[in-house]
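Please walk through this model with the structure open beside the text.

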Amino acid sequence: MGRGVAITGMGIISAIGNDVAANYKSLIERKSGISRIKKIETIHKDLLVGEVDLTNKELEDLLELPSDNNYTRTALLGVIAAKQAVSNAGITAINDKKTGLISASSVGGMDITEKYYYQYLEDADTQKYIEAHPIGDSTQKIAAYLGLEQAMTTGISTACSSGANAIMLGARLIKSGKLDRVIVGGSDCLSKFTINGFNTLMILSDDHNTPFDANRKGLNLGEAAAFLVLESDELVEAEQKEVLGYVKGYGNANDAFHQTASSENGDGATLAMKKAFDVAGISTDEIDYINAHGTATENNDLSEGRAIIRVFGEENVPEFSSTKPYTGHTLAAAGAIEAVYSVLALQNNVIFPSMNYKTPMEEFSCRPQLDLKEKEINNVLSNSLGFGGNCTSIIFSKV
């Protein structure tokens, strides 16, 4: 049956906090990190985003990087979150076990390459950023900063399900015995390219996003990074490590419907959730909370809502909420930061409230949880649904 997959460490930096404790505090206090754009030169000053409240220079100083570095913002955020996760897991000799790193990104280094695009031929000092453009560069920088030597290292880019797919791949590598420990997660920063791209798709809101509301206008983009340390239960037992939770089940499927839209009936999300239950070996009535993808776009919320009903039945849908009104949609990092939030729900026996919801959707009667709710939480289902129809569901459990 393979080995169990324990979560022994977590790290996160987002618009609502620069570590796990700060993020949890913001969630329970209903503190949103959504605000007008401040750190990017753009004509779209009216748009709302979830920005990390630190400049690149401040991030570089936190990491004590030399002034001539070529770290992009994606890499800076990723290193900070991964460093936190490794420290939280109590790892002092990172190469003493079969260890891997799986880092997800969509934006990669485009925030820097777009900044210097017109200077490359004339200014040799900016050319160092060209090689920092691919998503693999931030993965390599995280590995190097952590001191990983000859580790299995890879990047994943499946749009908004990337972070969740990094977790799924890491769990599979542990269960198959290929690795003993994997650092998994994702990092994405804001850039003009993504802001303009999503604006062209006409799915950005000029107001705070309102998941599952009948009058939802679209998403708010965000930036963040989150990483989790996954370890085999044999390693956990041998080292008597504290366990934060377990990756119990996972499933990935594809709508094969449209480049940027999910099918109206949520075919991919439905199949992904069913696969996750098959792997976990639990039934739908054992889920205590769903951290929904909940982007507040017209297409996503209808598609995901219908998929949830197909899996659970309209009368048996567990409490669910979207945490994107807090952080914005952080693209490849979304599945990773919401994995951290799912584990926090398990640890603290709490359901985080959806914010900004007012009007029920006509298509179904299910409504998100609107108040902070304390209850026994043993299993959490987290959905991440990406462009291209790439859908991933992960079940996190206490045991």
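Lys-141 sits over the face of Tyr-71, at 5.5 Å from the ring centre. The rule for such a charge is that NZ of Lys or CZ of Arg is within 6 Å of the ring centre and within 35 degrees of the ring normal. The model is predicted: local features need pLDDT of at least 70, side-chain atom pairs count only at pLDDT 80 or more, and totals for chains, interfaces and linings use all residues. Residues are numbered from 1 along each chain as its sequence is written, and side-chain values use heavy atoms, with hydrogens and water left out.

Next come the aromatic pairs. A pair of aromatic rings is described by the distance of the centres and the angle of the planes. Here rings of Phe, Tyr and Trp (its six-membered ring) pair if their centres lie within 6.5 Å; planes under 30 degrees apart count as stacked, over 60 as edge-to-face and the rest as tilted. The count comes to six aromatic pairs. Why does the pair Tyr-116 and Tyr-129 count as stacked? The ring centres of Tyr-116 and Tyr-129 are 5.2 Å apart and the planes are at 10 degrees, so the pair is stacked. Tyr-116 and Tyr-129 are 13 residues apart, in the loop between helix 4 (110–113) and helix 5 (135–146). Helices (H or I, at least four residues) and strands (E, at least two) are DSSP runs, numbered from the N terminus. Tyr-116 is buried, with a relative accessible area of 18%. Tyr-129 is buried too, at 13% relative accessibility. Buried means under 20% relative accessible area, exposed over 50%, and partly exposed in between (1.4 Å probe, protein chains only).

A further pair is formed by Phe-277 and Phe-312. This one is edge-to-face, with 5.9 Å centre to centre and 75 degrees between the planes. Phe-277 belongs to helix 9 (residues 267–280) and Phe-312 to helix 10 (residues 298–312), 35 residues apart. Phe-277 is buried at 7% relative accessibility. Phe-312 is buried at 6%.

Is Thr-126 buried or exposed? With a relative accessible area of 4%, Thr-126 is buried. Leaving aside neighbours within four places in sequence, Thr-126 is in contact (heavy atoms within 4.5 Å) with Tyr-116, Gln-119 and Tyr-120.

Now the cores. In soluble globular proteins, nonpolar side chains tend to be buried together. A nonpolar core is a set of buried Ala, Val, Leu, Ile, Met, Phe, Trp, Tyr and Cys residues joined through side-chain atoms within 4.5 Å. The largest one has 49 residues, and Leu-228, Leu-230 and Val-247 touch the most other members. Helix 12 (residues 334–348) gives this core its largest share, nine residues. A second, separate core has 43 residues, including Leu-47, Ala-75, Leu-190 and Leu-204. Beyond four places in sequence, the contacts of Val-247 include Val-5, Ile-7, Leu-230 and Phe-396.

Lys-248 is found in strand 9. Lys-248 is partly exposed, at 28% relative accessibility. Not counting residues up to four places away in sequence, Lys-248 touches Val-279, Ala-280, Ile-282, Ile-395, Ser-397 and Val-399.

Most residues other than glycine have a negative phi, and most peptide bonds are trans. Gln-240 has a positive phi of about 50 degrees although it is not a glycine. Its place is the loop between helix 8 (233–239) and strand 9 (245–254), and Gln-240 is exposed at 66% relative accessibility. Ala-256 has a positive phi near 50 degrees. Ala-256 lies in the loop between strand 9 and helix 9 and is exposed, at 70%.

Last, the largest pocket. A pocket is found on a 1 Å grid over the protein atoms alone, as an open set of points where a 1.4 Å probe fits, with protein on both sides within 12 Å along at least five of seven lines; lining residues have an atom within 4 Å of a point. The largest pocket holds about 590 Å³ of space. Of its 23 lining residues, the closest to the centre are Lys-39, Asn-56, Asp-111, Ile-112 and Lys-115. Helix 2 gives the most to this lining, with three residues. Leu-59 is found in helix 2 and is buried at 0% relative accessibility.

Conventions. Points joined across faces, edges and corners; volume = space filled by probe spheres on them.
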